[in-house]
Amino acid sequence: MIDIKAIAERDRSSVLHPFTQLKKYATGNSGDPTIVTGGQGIRIQDAEGRSYIDAFAGLYCVNIGYGRTEVAEAIARQAYKLAYYHTYAAHTTEELARLSDRLVRMAPGKPSKVFFGLSGSDANETQAKLVWYYNNLRGQPKKKKIISRDRGYHGCSVVSGSMTGMSFYHDHMDLPFPGIVHTGAPHHYWGAEPGETEEAFSRRRAAELEELILREEPDTVGAFIAEPVLGTGGITPPPTDYWREIQAVLRRYDVLLIADEVICGFGRTGADFGSTLYEIEPDLVTVAKGLTSGYVPLSAAIVGEKVYAVMEEAADRVGAFSHGYTYSGHPIAAAAANAVLDIVERERLSDRARTVGSHFQNRLKERFAQLEIVGEVRGVGLLGAIEFVADRQTKRRFDPKLKVGARISKAARDRGLIARAMPHGDILGFAPPLVVSEAEIDEIVELAHGATKQVLDELS
Ligand code: PLP
């Protein structure tokens, strides 16, 4: 038996938790931590013996579900054989070469080489350096600014945190870093003028992007970074024509496109990559989360042919590529990723996310779209969100003090369902493991519906 109180005390007195109100936690005013002890399939267990359906796959990452022993065995095999060696100065391992080769074969755009990191944040940090490096090497030293979108999420480190387009990630942290600029979110529900179609809204967002590039001066703008489907900013699929319009502008001004596939990659949207689904042709691609289903930390910045050709061509002149981490291409992480991708391919999880995902989208709409506090139900594949508003006609938001989204999420949790209260409004988000069944989807939707009804009753 584990000593729950002792673990809670030890944790409270020593762990600096992300996204946690520090004082309330340290003083015990926000209750004890949830001590997670196990997981199987789409469920996790805590130390008090409670079981939860994890309809957010951890943080949109455990795509193959919990407890897949095949991955544990691959990790153990590699650990017994060789737990670590670095990849500097052309050292490699069999697992790493296999993983890299398969990523080059499967990634969107025209992939050429893969740089490995440990998190989505550091991979996007690498992308920024690649943009700067590429433009220095090809004699465009001013072409360095990176445009990202309001409500985009790209991580929490210095540059990736600056790319993230939500001010509470910047406040009191001296972000954004100079040279990162933001353009409008692809959020039709909130951003469109009355009566504006999705197509017209997409054209307007593209025109705004063009104006921004012209205002900043095109020879100072190096790249645009975006998630194919806006994730943490509200789980928002792009409006019709959005990606076609945006890419036309980027091409016109020779601006690189970084597709942040950290959530969308490896099947989540019902296609292998969000870029495949929306016909995006990126120059650089960021992957993490689903790459190992979160079993071990691993990310990658996948470099397209256009950028890599300039890097290789300049090598005699500039010397070695001076960027890398102790753990870049860690052999245990590579072995885990290969085992995970074997499962993703064998179980055709992209196809599954499309078929089970379509059931999920239908069920969400059937059960929620008519509720009086639901402004929008949206999603694609196995990504979904419900946006709650005080008035559907005027789209008036709830008073933030009511914490409607957080209360619904809490009520769901009390019923044994983890669905995430997203920042930026009252939004309940879903991203279940891709192995979820249709029956489990029904269970998730019913639990969420019960939780919503409960809060609706409390409000009236
Ligand atoms: N990019 C996207 C689209 C993400 O959703 C996230 C994390 O949620 C990141 C980057 C950052 O990844 P990490 O938390 O591994 O640094």
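Predicted model: local features only at pLDDT ≥ 70, side-chain atom pairs only at ≥ 80, totals over all residues.

Trainee: At what angle do helix 6 and helix 12 pack?

Mentor: The angle is about 55°, and the axes are 9 Å apart. Helix 6 covers residues 120-137, and helix 12 covers residues 305-313.

Trainee: What does that make them, in words?

Mentor: At that angle, helix 6 and helix 12 are oblique to each other. Their crossing is left-handed.

Trainee: Which residues make the contact?

Mentor: Helix 6 contributes Leu130, Tyr133, Tyr134 and Leu137, while helix 12 contributes Val307, Val310 and Met311. By class, the contact of helix 6 with helix 12 has 7 nonpolar residues, with no polar and no charged ones.

Trainee: And helix 15 with helix 17: what is the geometry there?

Mentor: Helix 15 (residues 349-368) packs against helix 17 (residues 438-459) at about 25°, with the axes 10 Å apart. Angles under 35 degrees count as roughly parallel, so helix 15 and helix 17 are roughly parallel to each other. The crossing of this pair is right-handed.

Trainee: Which side chains belong to that contact, and how do they divide by class?

Mentor: From helix 15 there are Val356, His359, Phe360, Arg363, Leu364, Arg367 and Phe368; from helix 17 there are Glu438, Ile441, Asp442, Val445 and His449. The contact of helix 15 with helix 17 divides into 6 nonpolar, 2 polar and 4 charged residues.

Trainee: Changing topic, which residues touch the most other members of the largest nonpolar core?

Mentor: Those are Ala300, Ile302, Ala336 and Leu417, in a core of 118 residues. Helix 14 (residues 331-346) supplies the largest share of this core, with 10 residues.

Trainee: What does Ala336 touch?

Mentor: Leaving out residues up to four places away in sequence, Ala336 touches Val71, Ala74, Ile75, Thr292, Tyr295 and Val296.

Trainee: Now the backbone. Where is Pro176, and is the bond from Leu175 to Pro176 cis or trans?

Mentor: Pro176 lies in the loop between helix 7 (158-163) and strand 6 (180-183). The peptide bond from Leu175 to Pro176 is cis, with omega near 0°. That deserves a second look because most peptide bonds are trans.

Trainee: What is the phi of Tyr60, and what is the phi of Arg151?

Mentor: Tyr60 has a phi near 50°, and Arg151 has a phi near 70°. Both values are positive in residues other than glycine. As background, most residues other than glycine have a negative phi.

Trainee: Where do they sit, and are Tyr60 and Arg151 buried or exposed?

Mentor: Tyr60 is in helix 3 (residues 57-60), whereas Arg151 is in the loop between strand 5 (145-149) and helix 7. Tyr60 counts as buried because it has 25 C-beta neighbours inside 10 Å. Arg151 counts as buried as well, with 25 C-beta neighbours inside 10 Å. The cut-off is 20 or more.

Trainee: One more: where is Pro228, and what is it in contact with?

Mentor: Pro228 is in the loop between strand 7 (221-226) and helix 10 (242-252). Apart from neighbours within four places in sequence, Pro228 is in contact with Ala259, Glu261, Cys264, Gly274, Ser275, Leu277, Tyr278 and Ile280.

Trainee: Why does Pro228 count as buried?

Mentor: Pro228 is buried because 28 other C-beta atoms lie within 10 Å.

Notes:
Residues numbered from 1 in each chain as written. Axes fitted to C-alpha atoms, helices over the stretch in contact; angles between N-to-C directions. Helix = DSSP H or I, 4+ residues; strand = E, 2+ residues; numbered from the N terminus. Parallel < 35°, antiparallel > 145°, perpendicular 65-115°, else oblique. Left-handed = near helix turned anticlockwise from the far one by under 90°. Contact = placed C-beta atoms within 7 Å. Nonpolar A, V, L, I, M, F, W, Y, C, P; charged D, E, K, R; others polar. Core = buried A, V, L, I, M, F, W, Y, C linked by C-beta atoms within 7 Å. Buried ≥ 20, exposed ≤ 12 C-beta atoms within 10 Å, placed from the backbone.
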